[in-house]
Amino acid sequence: MEARDDAGKARQAKYCRVNRDGEPYANAKVCGLFPEVRQFCYNIGASAGQTFGRHPALDGALVHTEVAYGPLCFHTHDRAGYRAHSGRNIPEEAVRNNTI
């Protein structure tokens with residue numbers, strides 16, 4: 001059981017958001033730009049759709065409408081994504097996704 005817990009902690013450390021210095025935040029959420037995380041989320045949605053998609057109670061449901069605010073992430077792929085979108089580096093003033 002302990003080895004399983006260590007593997008889970010290693011995955012959490014790999015995929016959590018990091019600050020500008022590359023250190024994980026104390027209460028870190030997952031970084032959604034990892035291809036593996038995106039595929040995992042897609043698979044969950046596809047599985048739920050296949051399982052419950054024809055259920056009449058879900059005809060009018062909105063699924064996954066929450067936007068979780070938290071600290072910005074500064075992995076190499078996060079910085080590259082911002083640069084590709086804006087042509088600039090992430091501003092120094094940017095700390096949370098709702099601060100600028």
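**Entry 1: Arg17**

I started with arginine 17, which is buried but forms no salt bridge; its nearest side chain of opposite charge is aspartate 78, 7.5 Å away. My note on terms: buried means under 20% relative accessible area, exposed means over 50%, and partly exposed lies in between (1.4 Å probe, protein chains only). A salt bridge needs a side-chain nitrogen of Lys or Arg within 4 Å of a carboxyl oxygen of Asp or Glu. For charge, Lys and Arg count as positive and Asp and Glu as negative, while His and the chain ends are not counted.

Before going on, I wrote down that this is a predicted model, where local features need pLDDT of at least 70, side-chain atom pairs count only at pLDDT 80 or more, and totals for chains, interfaces and linings use all residues. Residues are numbered from 1 along each chain as its sequence is written, and side-chain values use heavy atoms, with hydrogens and water left out.

What does the side chain of arginine 17 reach? I found the backbone oxygen of proline 71 at 2.8 Å. I then listed what arginine 17 touches, skipping residues up to four places away in sequence: Glu23, Pro24, Tyr25, Ala28, Lys29, Val30, Cys31, Gly70, Pro71, Cys73 and His75. Contact here means heavy atoms within 4.5 Å.

**Entry 2: the overall layout**

I looked up the fold next: the protein chain has three helices and zero strands, so to speak α-α-α when read along the sequence. Helices (H or I, at least four residues) and strands (E, at least two) are DSSP runs, numbered from the N terminus. Arginine 17 sits in the loop between helix H1 (2-15) and helix H2 (35-52).

Of the 100 residues in the protein chain, 16% are buried. I also noted that 48% of the contacts with a separation of 6 or more are between residues 24 or more positions apart.

**Entry 3: the salt bridges**

How many salt bridges are there by this rule? I get two.

In one, the side chains of glutamate 36 and lysine 14 meet at 3.5 Å, N to O. Glutamate 36 is in helix H2 and lysine 14 in helix H1, so I have a link between distant parts of the chain, 22 residues apart. Both ends are partly exposed: glutamate 36 at 38% relative accessibility, lysine 14 at 44%.

In the other, glutamate 92 meets arginine 20 at 3.8 Å, N to O. Glutamate 92 lies in the segment after helix H3 (76-86) and arginine 20 in the loop between H1 and H2, so this pair ties together parts that are 72 residues apart in sequence. Is glutamate 92 buried or exposed? Glutamate 92 counts as exposed, at 63%, whereas arginine 20 is partly exposed, at 26%.

Histidine 75 is in the loop between H2 and H3, and I found it buried, with a relative accessible area of 15%. Leaving aside neighbours within four places, histidine 75 is in contact with Lys14, Cys16, Arg17, Val18, Cys31 and Phe34. Histidine 75 and valine 18 are 57 residues apart in sequence, yet 6.5 Å apart in space, C-alpha to C-alpha.

Which residues make up the largest nonpolar core? I wrote down six: Tyr15, Val18, Cys31, Phe34, Val37 and Cys73. Such a core is a set of buried Ala, Val, Leu, Ile, Met, Phe, Trp, Tyr and Cys residues joined through side-chain atoms within 4.5 Å. Last, I checked cysteine 73, which touches Arg17, Val18, Cys31, Asp78 and Ile90, not counting residues up to four places away.

Notes. Polar contact = N/O pair within 3.5 Å; in protein donor to acceptor, adjacent residues only side chain to side chain.
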